Structures are given as C-alpha cells and as structure tokens.
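Here is my note on the charged pairs. Please read it with the model open.

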There are 4 protein chains.
Amino acid sequence: MNARSPEALVRDTGRRNEAVILNAALEAFGTRGFNGASMRDVAKGAGTSLSNLYNYFPSKSKLLAAVLRHANDELQHRVLRAVEEAGDDAPSQLREAVRAHVGFVVDHQVATLVATNEVRYLEPDDRTALVSHRDATQATFERIIDQGAADGAFRTPYARDAARAILSAVAAIASWYRRDGALSRGQLAEQYARYALALLEGPLPR
Amino acid sequence: MNARSPEALVRDTGRRNEAVILNAALEAFGTRGFNGASMRDVAKGAGTSLSNLYNYFPSKSKLLAAVLRHANDELQHRVLRAVEEAGDDAPSQLREAVRAHVGFVVDHQVATLVATNEVRYLEPDDRTALVSHRDATQATFERIIDQGAADGAFRTPYARDAARAILSAVAAIASWYRRDGALSRGQLAEQYARYALALLEGPLPR
Amino acid sequence: MNARSPEALVRDTGRRNEAVILNAALEAFGTRGFNGASMRDVAKGAGTSLSNLYNYFPSKSKLLAAVLRHANDELQHRVLRAVEEAGDDAPSQLREAVRAHVGFVVDHQVATLVATNEVRYLEPDDRTALVSHRDATQATFERIIDQGAADGAFRTPYARDAARAILSAVAAIASWYRRDGALSRGQLAEQYARYALALLEGPLPR
Amino acid sequence: MNARSPEALVRDTGRRNEAVILNAALEAFGTRGFNGASMRDVAKGAGTSLSNLYNYFPSKSKLLAAVLRHANDELQHRVLRAVEEAGDDAPSQLREAVRAHVGFVVDHQVATLVATNEVRYLEPDDRTALVSHRDATQATFERIIDQGAADGAFRTPYARDAARAILSAVAAIASWYRRDGALSRGQLAEQYARYALALLEGPLPR
DNA sequence: CATGAATGAGACTTCATTCAT
DNA sequence: AATGAATGAAGTCTCATTCAT
C-alpha cells in the first residue's frame, strides 16, 4: 500500500503554475468555502500574484470547476480500477469499490468536502457537466448492486436506492475522520465495506 | 398522517418579527449558502428593512446560530419523543428513531442542508455550543445501538461507529429528495429504517 | 479648599434626567470624540433609552451645544469670581485668574478637552454663540493684561497677543495632567501663574 | 525668505499616488476630523477611486498614522536643523528652535491641527509609536532648557515642565492664525521666541 | 416621560475582475 | 507568464432620527 502524500490532488499539468494554483484553490475553498475564499486567498496560497491567476483560469467559478473535475477524475479512476481488479461476483466488486472510495475520501478529505459542498456554486453548465460525471461513478455502484440483486446475493427489497445511502455515508467520512485518530485508513475501509454489504443484506464474512 | 406545512421551521418567539426573520434567513442561507446570501436577501425575504435585522440579531453569524439552534431543537424533540413512544427493545427504538429523523429531514430539507453545510461559518463559541447540542442527538442513537449490541440484537462487529454512518445517510436525504418524486415520506422512512437495521446486522421484518 | 468631585460638570436642572444625560454626553464625547460617539453610547451612559434622549435634546448637535454651554458657564463663573476677590493691581488679578482657570481645567479635564476639540462640530449658529461666549472669558484676561501693560507692570512688547498664548498653555494641561501624578492641583496652579507673569515680563515673587 | 507652498506636506514617495492620497487625507481629516471625514472624501480629494485607497493603506486608521508620521518627521527635521545651526548657548538654541517650530505650524497649520486633535483615533500600537516619536521632539526642547537652567541662563524654578507649556502655546497657533491677518510669519516667530525666553526667565533682547 | 421597533443613509472594507506594462 | 494599479459593485454593520404606544 503506497503512502500517498495526502492532499496534493493535482500533480502536474504542462503549464508552469497550474497545479500549484489548483491545489491552493482546493485548500482555500476547503478551508473557507467557495464564497468565503477570495481570489486573493488563492493567489497567496499559490505564491503568485492575484492577476496572474487570470492567465490560467478565466474566472473564480471556472477555477472551482477545474478543481472539481480533477477530484472527480481521480475518484472515478480509483473506483474503476478497483472494480476491474476484483472478482466477478457482485459482493466482491462492491467490497472493493467501497474500499477504494473510502481510500479516496481519506486521502483527499478536503477535495471530498469541496466536491460535496461547493458544487452548487458552479455556473449551470459546469454544474450539469460535473453532476453527470459524478453520476457515472454512482452508476458503477448501481450496476454492481443491480447485478447482485438479480442473482440473489443482495436480498434487500430496496436495492434501487441503496447506492445513494452507501455513498452518502462514505462521503461523510470526510467531515469527521482524523488521520491521527483511532481508526486506520485500512480499518475504516474494511468497516464501511461491511456496512455496505450488510445494508444490502448480502453475504458477510465469517 | 398530518400534513405539516413544510418549511416554516420557527413558529413564534414573542418578539414581533423574529420568526419571520429566522425563516427568511433559513431560506436565504439554504438557497445561496451562508456566504452567498446577503443580509439584504434576508431582509427582503422577511419583508423588513436591512437595518432592522440588527435590532433582532447582532450579526449575520449570530443569526445563523439562532437558525441552527431552532433546527436542532426541533430535530432533537422529534427523535426523543419517538423513542419514548417506541417499545423497550433496541430494534424497535432504533426503527422509530430513524423514522422520526427521516421525517424531520423531509419536512425540513432546507434546515437540514443548512445545518450540515453551514455550521462551519459560525463563530468558534457558537460552533462549539451547537456541535455539543447536535452530539446529544447522535448520543441517543448510540445509546440504542450500544444496548442492542449488548443484548445481542445487533450483531455487527462495528457497532461503535455505526451511528455516524446511519445518520450521515439520513441527513443526505435532504440533498436529493423531491417531494413530488416517486417515494412518499412514509416509504422513505420505512426504507431507511430497514437500511439501518440491516447495517447493524439486526433482526429484519419478514 | 473644597474638594470637588471631579467630573460631574452638570449638577441639576429641573428636568428629571437632564443632568445625567449631559454628563453622559460629556463622557462619551470626551472619550470617543463627537463623531466617534453615538447617541446609543450616550443613552447607555445615562442609563436611559436611546429614544428618550430626544425628549430632552432635539439632536446630537444640540446636545453638544448644551454640554459646551454648561462648561463655559462654569469656567467663566470661576474666573470672574477669582478676579473679583483679587487685589486691584493687574499682576494680582492675573495671578488669580490663571489659578482659577487651571483649577477648572484640572477639575474638568474632559470638559476642557471637549470644549477645545469638538466646538467645530456645532452647527454654525451654535458655534458662533459659543465662541462669543468663550471670547468673553478671554476678554477678561486681555483687559487685565492691557491694564498691566498700561501701568508698566507688564513690560512685554507683545502684550496684545499674550492672552492667547497663556490660555492655550493652560487649556493644554487637560491633555496631559494626571490626577495621580507628581504635581498637585495647587502646585500646578502656582506654576502656571508664574509662567504667565514671566511671559508678560511682569513682577515675579521672590 | 523662501515661500513654501503651504499645505503640501508630502512631496513624493515612490508609489504612484501615495503622496496625492496622503495630502488629500490630511486635507480631509483637517477639515472634518478623522471620524467626520469619510474614505470617500479622501478618494474624491485624491482624484482616485474609493477602493484604490486600500491598495496603498490597509485601513483608514493606518492612513491617519501615515499622515501623522510624515508631519512629525518634517517637524522634527526642521527643529533639529535649526538647533544645529544655532549658537552653542541655550538661549540662542531655544530661540531658533521655537522659531523653527512656529514656522512649521504656520506652513502646515492643518497638519499641526490634525496632529494634535486626531492622534487619539490611532490604534493603540500606532499611537504609542507616534507618541514616542513626538516625545523625541519635545525632548530636544527639554534638553536645551535643562542646559540653560544648569548654567544659570534660565532662572525659572519650574524649568522641568516649561517645555510643555511653550510647545502647547506654539501648537495652538495653528488654531487661530490666518495667513492674511496682521502678523507675518516672521513676526509671529519672533514674538513666540520672546514669549518662550521670558517664560523661562531667561535673557531678553534689548 | 419613556420605550422598542423601525428606517434610509452612509460608514469602512473586500470582492472579482481588467488593464497597461 | 507575470505584476501593480485601478475600479464598480456589493458586503456587513452603525448611525441619527422618528413613530406608535
């Protein structure tokens, strides 16, 4: 298990300062909220001038859009890869998908918080785009759950809406988890994977 | 089934316009976020002048604090009453507690959203006060779960942290539920009550 | 020597709360300046309601005018009485006039400060009235100096303008004197009386 | 006799509009007092936008602090140079120091008024800094007086406190002098120099 | 005489954004 | 790609004053 440096969501992008700015924006939006954070805050965090920000992003709103796109990409990438590497049966796939999701939330708490709390401040077009992107991730979970319900592995009568419940609980981890607390990253993933399977009334270990 | 007028969180308070202002603030903070909403928005919503707001609340932040306190009081009241009226066994109590909580979230979607998203903008003291108030509600769920775990009704190995997962999922309902959608208030409550029991690996109906 | 309770400029006035309000206004204007002090400050200091202030004074500006009139009356009264009780010669009269003025400044430091710093904020009419009132006090000093210059007691070639210099220095005492400092009220009066006589190039004790 | 353009206290500072703003602030604070003058007034006087003021000074209070610092610097500079160019004996030095001080007051009446009346509105730290700066100027006078008292030139028994009295009278000139009145700049300086020497009971011309 | 509620104007300050260099 | 200076709009909050009771 590679120890990811926790909150550097964006690693590099061809343009000199883009990653620095994106990470500073993430930090600022996370700490003070989109409307509470100013472009000056972002500039200060990125160690550049206020006006230079506009050489990279045409507006504060587009900057938020870029941050959120990066976060979503990373989440989707992790979940898809986890599902690919899992077995063929729905319970295994769900288990790995949840574990991957929890991993992302823990590695990128701030990004997760920003992604859930600040989407509403996007301009309508960007918002639509992002939501459909996010729905794609949710759809991965729904597909697995549908399959498990169909082949009898998940016996809950409410399979249709269970994905939302599970994903909500997982995302909420970002709002209370402390890296120096009692639960390790791995224990947490394990725990939530079991919660998910139990909620679906599926097969549990032991 | 009593049809509660949906979003009038505060009913009356003795001071002439206080309830009107609080409800307008709730609406404004819910629609545009704490930092996105202006005191002018609140005044307009309350049908009073901007400056008159300050005869009731000394600052925007204190106004938010008051809104959140009212929301929390109502939630806590509902949950406690539900538990009192339930049977003695943990599963019944949990079931009723969840149903009551879901009911609150549906009746007061906006208040629920504001309560989860905007607490961070309180001044430290008010934040601390509110969080401890909120923890009291969570403690009700934890007590029930502990009891159920002790007497063998809930068999999950992770009883300790399950309350958080359940409450997160319930609160998140506020972010997607549409009153004119497929699920009725009652069906939703039923559904989440079962999710909760299943997650705890407790006894399910049927 | 009667020990005057220091800063209660106004003692009583037929109307129930007038003196309390005037003294509170003096305190407020002295502490924060006319424009820095609010009618709310005055009300709080007077222990009454904001709106009640307007039952006594029609505007903030008129309130200031009333305060300043009281201060000037008291000063003028003290100086005139001192001169009356002094001997017939100019040096004695000047000496007693200065001593009385210093006494007022020490007893009413705040009033002196307000009188010198805040007159400018009066409405033109009130300002004119007050200035002419004040000039009457200054005229008392000028009369004495003229007489002393005429009969050869004061030998300065600049008798014409000396009153202004002397009175400026005396009024400025209000800006630095501390009741708990090294100089007593009496020593200070003695000292400034000698400064005045020396400046006029008049006869000095010893 | 060089005709100094009267009230342009600040001449240049390296930053584009800083001097213009400082002079406009001086004018505004002088005319209407610190609390009576608005930042809009200052902006209008400086011919720039309200918000641009904040690119130069972080707050109204810091703007006042800057104005006062410039005024003090100029005063101190003038007094020190005058003393340097005077003879070695205390009376000559005092005479020149007073003449220089009077010259400053006449050339910068508004600055003098602001310096005496508005210091109180500085934030505590700036106030402390400024007061100690101002005390340095006063100390120059005290040093001369001490020396003159030691070598017998000034025979007043109250040498210790005389500087305050003299400087108060000189500063007060700013509140009544009119450039178009009877006294010329030079006559006034001459007059106050004699007042000072006489007050100290020192040697007088003629 | 006394008050609580109300208000329009205006205070300081910050904002996202643009422009000339 | 980078910056300092500039700006109009808007933010929160306070003000002196009025009015109904």
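How many salt bridges does the structure hold over all chains?

1. The count is 53 salt bridges over all chains. A salt bridge here is a side-chain nitrogen of Lys or Arg within 4 Å of a carboxyl oxygen of Asp or Glu.

2. This is a predicted model, where local features need pLDDT of at least 70, side-chain atom pairs count only at pLDDT 80 or more, and totals for chains, interfaces and linings use all residues. Residues are numbered from 1 along each chain as its sequence is written, chains are lettered from A in the order written, and side-chain values use heavy atoms, without hydrogens and water.

3. Look at chain B. B:Arg185 pairs with B:Asp107, with 2.7 Å between the closest N and O atoms. B:Arg185 sits in helix 9 (residues 185-199) and B:Asp107 in helix 5 (residues 90-107), 78 residues apart. Helices are DSSP runs (H or I, at least four residues), numbered from the N terminus. B:Asp107 is buried at 4% relative accessible area; B:Arg185 is partly exposed at 28%. Buried means under 20%, exposed over 50%, partly exposed in between (1.4 Å probe, protein chains only).

4. In chain C, C:Glu190 bridges to C:Arg95 at 2.9 Å between the closest N and O atoms. C:Glu190 lies in helix 8 (residues 185-199) and C:Arg95 in helix 4 (residues 90-107), so the pair ties together parts 95 residues apart in sequence. C:Glu190 is partly exposed at 24%, and C:Arg95 is partly exposed at 26%.

5. Which residue forms a salt bridge with C:Arg194? The partner is D:Glu201, with the closest N and O atoms 2.6 Å apart. Both C:Arg194 and D:Glu201 are buried.

6. Chain A has a network of salt bridges linking A:Glu74, A:Arg78, A:Asp107 and A:Arg185.

Conventions:
Helix = DSSP H or I, 4+ residues; strand = E, 2+ residues; numbered from the N terminus.
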